[in-house]
Amino acid sequence: MTRLEWPGGARCAVVVTVNLDAEHFWLQLDESCRERPKTLSMGEYGPRRGVPRVLDALDEAGVTASWLTLGAVARRYPGVLAEIARRGHDIGCRGYGAEDLTTHDADGQRELLTRAGDEIEKVIGRRPTGFRPLSREVTNDTAGVLDELGYTWTSMARGDDRPYYLHTPARRTDVVEIPASWELDDFSRFMFNYGPPFPKANSRIAGYAQVLEDWRLEFDAYHHYGLCAVLTVDPSSIGKPGRIGLLEELLAHMREPGDVWFATGAEVAAWWRSRAAANDPGDPETSRLRL
Amino acid sequence: MIDDWHTVPAWPGGARCAVMLSFDVDGPTLWADDPHNLYDAPKRFAIGSYGPARGTRRILDLLDEQRVPATFFVPGWVAEWWPGTVREIAERGHELGHHGYMHELYYSKSVAEQRELILRSQDAFDKVAGRTATGFRTPSGDFRADSPRLLRELGFAYSSSMRGDDRPYRWVIDGETTDLIEIPAHWELDDYPQFSYNDAPPVPSGQDRLAGTEATFDNWRREFDGYHRYGLCYVLMAHPQVMGRPSRVRLLERLIEHIKGQGDVWFATGAEIAQWWRSNG
C-alpha cells in the first residue's frame, strides 16, 4: 500500500476531538433522565470540572483540539464555550439536543442544524464547520444538508483509518469524513450508571492503566502505518481527577516521535481536499450508495 | 462556573485533601425490594447477609488498626435484622447514615413515602444504637428533584448522593442556598460496579466478568492521586458484602496505606466534612 502524505513530511496525523454533551448524553439515552438529578449530574461534571482540566492538558501538550458540542449546551454553558474558543480551539457541532436525526427528513435536519449553528455562533462568533452527531445514526440526507450549510468535515463514522469524502445519492460532496474509532475513545471504557443502565449490561469500568496501554499501542500502529488517528474524549469522563493524567501521558507519548502532525478536523479536511480527488475503491460511501 | 474553575477547597489543619471512607451495609436488601421475597430465597439472602454478618466486622477491625473513621450507610431493615453489627459500628466510633428502609429507589417514591421510610429507619437506628442519622445517601440510584427539600425539613446535615462535583457544595432549594451540604460520590470509586456478581438473578445484568482486583485498586489509587493533586474530597463507596471479602479487605488496607503515604490527608466522616463545609466552604 502506498503511504499517505501529510504536511511537512509528517509520518501520521492526530486529531484530538472532545465531545461536550453535558447532560444531553443522558437525556438522549433515556428521556426519564429529565427527572433524575443524580444521573444528570454526571453530565454536569463535564463543564463544571472536566473542561478546565482538559484545557490545561491540551495547553501543556501544545495541542489544538476540535471540540464538538450541541446548540443546547451553547445556550446553557455560554461561558464555558467562550473560554474553549478563547484558548484557541475549534468548536464544531453535535446537533441541537437529544434528537434522533433518523426521525427527521432533510428539512427537519436542516432546521435543527441551523438552530444549533445559530446558538454556537452567538457564543463564539463563527459558525461550526465540523460535525459529529450525538444522534446514534444519520440518514442519506445528512451529507447533502451539511454541504449546503457550509460544513467542511465530519467525524461520525468508524469505517476507515484515514479521511474520505461524503457522498449524497447524487454526487460527491466536499465534506471530508475523518473517521473516529472505538479503540481511541474514553467514554465507552469508563462511563457507568445503573439507572438508566450504561453500558446496557452494566459492564465493568475498565482498568485505567490497561486503557492507557491500549491507546499507546493503537497510536503506535497509526504512526507505523502513517494514518490519521482520531482520539475522542469527553470531559465528564476523561476530566475526572484520576483520569486526566491518562490524557496527559497519552499526548506526551504521541509527541515523542516528533514527526506527528497534530491538526484540527478542519485542517485535515483542507489538506485532504488539496490532495485527494476521489475516494478509494470500495469506500463506505460509494459502496453503500452503489455509485 | 468559570470563576470557580480553579478554586481549591480549604481543609482542616491545612490538609491537602479530604478522604471519606463510606460503606453501604445493604445486606440482603439489594437482592429484593420486598423482604418477603427474601425469606424464601436462601441463596439471595445469604449473598447479601455476608455484608452485615461477616464483612462489616472485618472492615471495622481494619479501620481500628488504621485508626481512621468511616461512615456506614445502613438501611433501617438491616439495623433491625443485625442490631449487634450496627450497634458495634456506632460503638467503635463511626457514623451511621440513612440509606432507605429496604434500599428503596427514592426516585419511584412520593415525598410522603420517602418521609415515612426515613422516619421508620430513624426509629430503627434509635432503638438499636441510640442515635439517628444526620447523613443521607440515596439508595439504588436517583432520588427526586424534591427529595433535598424533604431532607432539609427532616434536619439532615448532608447528602452524599450526587455525581456532579468532586468537593462538597451547598444545596440550592427553592432558590435559596441552604445549609444542607452535598458530598458527591462517583461510580469509579464504588466497589459494586467492579465486583458484584451473581448467577440468578444475574448481576451485573449482562454478567460481565469480575473486574481485576489489582486493576481496580490501581484505578482507585490513580483517582486518589488526582484528588490529592487538586485538593479535593475523595469519597470511597464500598459495600461490606463485596468489599468485606478477604482479598478485598487486604486491598482496602493497601489503599489506606497508599493514601496515608501521600501525606496531608484529612480522614473524616460525612458529618465532619459537612460541618467543616458549612463553616468554611
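Modeller: Start with a term. A helix axis here is a line fitted to C-alpha atoms over the stretch in contact, and angles run from 0 to 180 degrees between N-to-C directions. Keep in mind that this is a predicted model.

Biologist: At what angle do α8(A) and α7(B) pack?

Modeller: Helix α7 of chain B covers residues 213-230. Its axis and that of α8(A) are 7 Å apart. The angle between them is about 90 degrees.

Biologist: What do we call that arrangement of α8(A) and α7(B)?

Modeller: Angles of 65 to 115 degrees share one name. The pair falls in that range, so α8(A) is to α7(B) roughly perpendicular.

Biologist: Which residues of α7(B) make the contact with α8(A)?

Modeller: From α8(A) come Tyr208(A), Ala209(A) and Gln210(A). By class, the whole contact has three nonpolar, two polar and two charged residues. On the α7(B) side the residues are Ala215(B), Asp218(B), Asn219(B) and Arg222(B).

Biologist: Step back to both chains. Which helix supplies the largest share of the side of chain A that touches chain B?

Modeller: The contact takes 37 residues from chain A and 38 residues from chain B. On the chain A side, α2 (37-61), α4 (78-86), α8 (208-225) and α10 (244-255) each supply at least two residues. The largest share is eleven residues, and it comes from α2(A).

Biologist: Now stay within chain A. Are α2(A) and α10(A) roughly parallel or roughly perpendicular?

Modeller: Their axes come within 10 Å. They cross at roughly 20 degrees. Angles under 35 degrees count as roughly parallel. Therefore α2(A) is to α10(A) roughly parallel.

Biologist: Is the crossing of α2(A) and α10(A) left-handed or right-handed?

Modeller: The α2(A) residues in this contact include Arg53(A), Val54(A) and Ala57(A). Those of α10(A) include Ile244(A), Leu247(A) and Leu251(A). By class, the contact has seven nonpolar, no polar and four charged residues. The crossing of the two helices is right-handed.

Biologist: Turn to chain B as a whole. What is its radius of gyration?

Modeller: Its C-alpha trace spans about 55 × 45 × 40 Å along the principal axes. A compact globule of 281 residues would have a radius of gyration near 19 Å. Chain B agrees with that, because its value is 18 Å.

Biologist: What percentage of the residues in chain B is buried?

Modeller: Chain B has ten helices and nine strands. Of its contacts with a separation of 6 or more, 74% join residues 24 or more positions apart. Among the 281 residues, the buried ones make up 49%.

Methods
Residues numbered from 1 in each chain as written. Chains lettered and ligands numbered in written order. Predicted model: local features only at pLDDT ≥ 70, side-chain atom pairs only at ≥ 80, totals over all residues. Helix = DSSP H or I, 4+ residues; strand = E, 2+ residues; numbered from the N terminus. Rg over C-alpha atoms; globule rule 2.2 N^0.38 Å. Buried ≥ 20, exposed ≤ 12 C-beta atoms within 10 Å, placed from the backbone. Contact = placed C-beta atoms within 7 Å. Parallel < 35°, antiparallel > 145°, perpendicular 65-115°, else oblique. Nonpolar A, V, L, I, M, F, W, Y, C, P; charged D, E, K, R; others polar. Left-handed = near helix turned anticlockwise from the far one by under 90°.
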